[in-house]
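Here is a short briefing to read alongside the model. Take it one topic at a time.

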Amino acid sequence: MEHVQSPAPPTVGQSTQTRRRPFSWERILPVAILSPTLLSSLVFVYVFIVATFLISISKWSTLKVDWTVRQPLFATYLDMLKMPRFQADLRNTLVFTVLFLICAVGGGLLLAIVLENSGKVSVFFRNVILFPYALSFIVTGVAWRWIFNPETGINILFDAIGLNKLLALFGAGPFHPGWITDPTVVLKINPLIAQLFPDFTGLRAQLGIPLALIPVVIAATWQLSGFAMAMYLAGLGTIPAEVREAARIDGASESQVYRHVVIPMLKPITMSTLIILGHVSLKIFDLIFAMSGVGPGFATDVPGIFVFEQTFKATRYNLGAAASFVMLVFVCAVIVPYLASSLREE
Amino acid sequence: MTNKAKSVSRRSLLPQSAFQWFVVAMLLLALFYYLMPVYVMVVTGLKDARNVSMATMWRPPTSMTGGGFIEAWSRLRPNMANSMIMAIPATIISAVIGAINGYLFSKWKFKGSDVIFTLLLFGFFIPYQSILIPLIRFLQMIGWYGTVPGLVLVHVIYGLPVTSLIFRNYFAGIPTEIIEAARVDGAGVMQTFWRVILPLSPPAFVVVCIFQFTNIWNDFLFGVTVVPSPKYQPVTVALNNLSGSFSVDWNVVMAGAVVAALPTALIYIFLGRYFIRGMLAGSVKG
């Protein structure tokens, strides 16, 4: 391949023959050694994705394999979008991703700044905060499920520290939230949509913030905010001290130095962290599966659980494949630009 | 220099400014938030079943009898073994192949190699739900469905993108002159790898092995879908089953969570430095 591009004079016959480099293992060998990896990636990633797509548009909805295309095309996708459960899943993915990114990335930045200013204890705190990242989502889910069980967990701590006695003094009722068992959806926009689009009747889920998702966000933040913090600590380490010093000499207060100098300089880190944690959040499955499952009225259901249940419990393969393809599209929307930009940088 | 000296002399045990008070408050809050679940897991696990009452859940155990740990261990031990015989070979194989790949992608670039590498790396980010049905049919075809070797194969294949990435970034830091010198001495592609690159690689191997072992140990999706028989399932699946069954007491579940978390927790505690490097290597471009 390379000799075609090499600046050989455009003469014919003999001269190109002599200029052609001899056949060399050195150029073939790297590709040959890589080929098993590349072939397995081609099959196990790309061919399998195409196969999943073909299943999603097929009639295969029982244990009996059936690859024939279901007509009209994309009928399974339409069915799925009409399901109240899948509509709730899309709502939950959006709400969870937004809340989780705010808590984990914002919290990570805050923690990094706090640790930067905490002197000798900072290494100890860094290690404590990063610890959950080493654990399985299942372990996290099991632990937080117990903590947010309204009968056993944190509600008892509220009683123990006298919070509810304090509330009673002010005439307020006891604070005993249902946490992951609470089916309430707050800040609903259904009436608004009904007013704006009176003809649209396809909306079958309550669009708003399901309260049961909040404990899940707290657990996910517990596990993954350490990642954001570590990213920011690494980024803070690359900012030269002179830059901050210059800002201070110009009369900036410490908070102004952070707001106008440090945080803007960390923007590339913020972008990377948002993308990495955002794609984790879009494909989240294990944590919610172990912690709250589908939740009351699908309040904590997500596409990852939907795929698992439709495919492996209900054996509706085309429906499960369709939902997984939607997940893939979401993740690609975040990851493909990221990969393309890092490729361009090289 | 003078600035530094000033801040040292100013330092005392009590916070001086509002900002320092804020730092201290945040640290205390963080300590509570990040350690509370660990405390709950350990303390509940150490209690006896009859002592796990709602009213005393936040208190430490009154007597040391091993609590739920004895039952949790006896229930999870076979699955801990499954996880071990799954995670160790899968880690080693994906690390070795990843090292060779990373070496070739960083030091033997060919036309389109960066594009091909990016296409390979894509496999690290996909939601694995979107390849599960074909994957399981493939494993059934070759007769590895429901087996630990099947899980090893899956973890090796889907681990290669990230192991190749970490090694590629690491090797990019090795001067190309070293490779050139080896070539002048007549060493071929693989000879250069064995004689020159490999001796420089132990730190990268430690990082990759910790990263991979943690990922594979903590996996749930492949474990629950590729292996239907509880006998061969990894410990994450067994722990989830344990917590989902109503016949098991909470002290056993919590003790089980501690047991299942122990290998990766110990790695983190003793090799945390390498752990953090691996975690960042998967995202920061080298």
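**One residue and its contacts**

A257(B) is in contact with V139(A), V142(A), A143(A), M41(B) and L239(B), once its neighbours within four places in sequence are set aside. This is a predicted model.

**The nonpolar core**

- The largest nonpolar core holds 176 residues.
- Which members touch the most others? They are I166(B), L239(B) and A257(B).
- Helix 12 of chain B, residues 250-281, supplies the largest share of the core, with 16 residues.
- As a general rule, nonpolar side chains in soluble globular proteins tend to be buried together.

**Where chain A meets chain B**

- How many residues does each chain bring to the contact? Chain A brings 78 residues and chain B brings 72.
- On the side of chain B that touches chain A, helix 12 of chain B gives the most, with 15 residues.
- That side of chain B has 54 nonpolar residues, 15 polar ones and 3 charged ones.

**The two domains of chain A**

- Chain A divides into domain 1, residues 2-56, and domain 2, residues 75-345.
- The centres of these two domains are 43 Å apart, taken over C-alpha atoms.
- Their contact takes 5 residues from domain 1 of chain A and 8 residues from domain 2 of chain A.
- What kinds of residue does domain 1 of chain A place on the side that touches domain 2 of chain A? There are 3 nonpolar and 2 polar residues, with no charged ones.

**The overall build of chain A**

- Chain A has 17 helices and 2 strands.
- The C-alpha trace of chain A spans about 100 × 70 × 40 Å along its principal axes.
- Of the 346 residues in chain A, 40% are buried.
- Take the contacts in chain A with a separation of 6 or more. Residues 24 or more positions apart account for 68% of those contacts.

Key: Residues are numbered from 1 along each chain as its sequence is written. Chains are lettered from A and ligands numbered from 1 in the order in which they are written. This is a predicted model: local features need pLDDT of at least 70, side-chain atom pairs count only at pLDDT 80 or more; totals for chains, interfaces and linings use all residues. Domain bounds come from an automatic or database domain assignment. Two residues are in contact if their C-beta atoms, placed from the backbone, lie within 7 Å. Ala, Val, Leu, Ile, Met, Phe, Trp, Tyr, Cys and Pro count as nonpolar, Asp, Glu, Lys and Arg as charged, and the others, Gly among them, as polar. A nonpolar core is a set of buried Ala, Val, Leu, Ile, Met, Phe, Trp, Tyr and Cys residues joined through C-beta atoms within 7 Å. A residue is buried if 20 or more other C-beta atoms lie within 10 Å of its own, exposed if 12 or fewer, and partly exposed in between; C-beta atoms are placed from the backbone. Helices (H or I, at least four residues) and strands (E, at least two) are DSSP runs, numbered from the N terminus.
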